[in-house]
Amino acid sequence: MATILRTPRSWPRVTLGRETANGALLPFARAERVGAWAAWRQVADREAPETLVRLMKQAGLRGRGGAGFPAAEKWFQCQVMEASQKYVVVNGYEADPGTFTDRLLMERDPHGVIEGTAIAAYAVGATKAIVAVNAGYARAIERLSGAIAQAEEAGVIGIDALEGAITLQIEVRPVQGAFLLGEETVLLRALEGKRGMPEQRPPYPAERGLFDKPTLVHNIETVATIPWIVTNGAAAFAAIGAKGSSGTKLVQLAGAVANPGVAEVPLGTSLGDIVERAGGGMRGDAAMKLAIVGGPLGGLLPAERMDLPFDFDALRDAGATLGSGSLVVADDSACAVDLGRLLERFASDEACGKTIPCRIGLKRLTEIADRFAAGHQRPQDRDLMVDLSRDVIASGLCNHERLAPDPLLSGLRYFAAEYDAHLNEGRCPAGVCSPVRVTASAARRGAPRGSPARKSTTGAASAGNKGRPSGDTAPA
């Protein structure tokens with residue numbers, strides 16, 4: 001099981017606060033003694049579904065899967081739909097490579113995950129729920145299945161549960177697939193036995209989802225947060241975190257930090273505080289250069305931006321994303337050009353190919369990034385990368401496509417000097433790449449007929465400008 005990092009006493013614990021038996025599944029009676037299923041009984045006994053929607057709105061709960069969509073809006077959309085059957089689907093696939101925060105919750109507190117799923121189902125009127133779990137998470141599957149069996153035996157969920165007041169069937173469904181299973185419509189198609197590809201929205205899953213029925217889709221951390229809100233109240237949850245980003249988020253610290261692991265962090269905490277107070281600062285005497293924030297589709301933020309608050313909106317404005325909560329710290333031995341190239345290649349390889357901008361555009365972006373790292377760039381490549389990135393984002397069918405250019409755009413934005421060293425000087429300051437210096441004459445020979453580099457031997461393409469081809473400008 002992942003290391004849970006020590007954090008300041010002033011940082012509350014919402015999802016990691018419950019006692020566990022060294023990570024094993026607690027017997028049902030003991031789980032109840034430490035708080036499990038109390039929120040569920042409270043809801044089923046005396047709360048109307050409409051009250052729960054208002055509660056989530058007042059709490060300001062946003063989806064913890066990365067997009068940060070307000071939970072109350074999803075609940076309301078699904079609740080008002082009239083249908084013979086409604087579903088709740090909880091995404092536990094955890095697609096980001098090397099990320100295990102959802103797995104930690106499923107293994108450490110399976111009762112909390114199942115209880116939150118039950119509350120969400122009650123709120124929207126669903127009688128069936130599926131917890132979709134990465135097929136490789138054998139321990140998580142075992143413990144979730146065990147928690148469901150215990151709850152059914154105790155009569156709190158199942159057919160005619162709670163003395164006939166509730167019917168709710170929850171099952172654990174192992175799933176296999178690729179990175180895109182983290183996207184909700186892809187997961188729904190996979191659960192139907194279809195090819196996992198994103199769907200055009202609207203209609204949203206809350207209107208027409210699994211088997212064309214209204215479906216509420218959340219990730220593991222989102223549902224694990226719900227029992228705490230019911231028990232402690234919306235005001236208590238809203239008081240944690242930042243304006244517009246209430247509560248806490250599990251953050252996975254990795255890379256060149258002294259103490260890698262998982263920390264529960266109040267949203268709005270600065271990135272620097274997370275690294276220092278949860279991760280113990282940098283490993284050894286290394287100096288921080290950058291952090292990859294939000295997973296493989298996140299942004300590259302320099303050490304100078306570690307004052308940024310860790311919340312949905314501030315990170316998006318800075319060119320990153322909250323994403324899976326991944327925070328990978330790198331020292332001076334890392335190259336921003338190379339990291340951007342590797343992350344873009346991952347995004348291209350994991351694209352499903354449904355739309356042309358994603359299928360072809362990400363491949364072209366990867367090729368441009370490869371040329372940057374090797375020093376084989378063409379005169380128009382920098383502008384082409386920016387323009388193509390904007391086109392891919394604007395035409396995105398899903399968040400994979402919309403976020404995929406972020407590693408390159410954030411690299412160009414914050415590490416322009418490092419890109420210039422590769423492109424104009426033929427050197428990699430970090431010593432990672434082996435770029436070839438492109439001289440003005442070589443640039444002219446490789447340029448298309450009629451391009452500025454062919455027309456003139458002076459100006460931006462002259463030796464006085466270190467061989468930088470005309471028209472090469474950094475993005476705004």
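Predicted model: local features only at pLDDT ≥ 70, side-chain atom pairs only at ≥ 80, totals over all residues.
At what angle do the axes of helix α16 (residues 381-394) and helix α18 (residues 406-414) cross?

1. In it, the axes of α16 and α18 cross at roughly 135° and come within 10 Å. Angles over 145 degrees would count as roughly antiparallel and 65 to 115 as roughly perpendicular, and α16 and α18 are therefore oblique to each other. Their crossing is left-handed.

2. On the α16 side, the residues that meet α18 are Arg382, Met385, Val386, Ser389 and Ile393. Their partners in α18 are Leu408, Leu409 and Leu412. Sorted by class, this contact has 6 nonpolar residues, 1 polar and 1 charged.

3. In soluble globular proteins, nonpolar side chains tend to be buried together. Here the largest nonpolar core has 67 residues. Trp37, Trp40, Trp75 and Ile157 have the most contacts inside this core. Helix α6 (residues 110-124) supplies the largest share of the core, with 9 residues. Another core lies apart from it and has 42 residues, including Ala95, Leu210, Ala369 and Leu403.

4. Beyond residues up to four places away in sequence, Trp40 touches Glu115, Ala118, Ile119, Tyr122, Val156, Ile157, Leu162, Ile166 and Leu168.

5. Thr215 is located in strand β5 (residues 215-219). Setting aside neighbours within four places in sequence, Thr215 is in contact with Cys78, Tyr87, Val89, Leu188, Pro205, Ala206, Gly209 and Leu210. One of these, Leu210, is also among the residues of the 42-residue core.

Technical notes:
Residues numbered from 1 in each chain as written. Heavy atoms only, no water. Helix = DSSP H or I, 4+ residues; strand = E, 2+ residues; numbered from the N terminus. Contact = heavy atoms within 4.5 Å. Core = buried A, V, L, I, M, F, W, Y, C linked by side-chain atoms within 4.5 Å. Buried < 20%, exposed > 50% of the residue type's maximum accessible area, 1.4 Å probe, protein only. Axes fitted to C-alpha atoms, helices over the stretch in contact; angles between N-to-C directions. Parallel < 35°, antiparallel > 145°, perpendicular 65-115°, else oblique. Left-handed = near helix turned anticlockwise from the far one by under 90°. Nonpolar A, V, L, I, M, F, W, Y, C, P; charged D, E, K, R; others polar.
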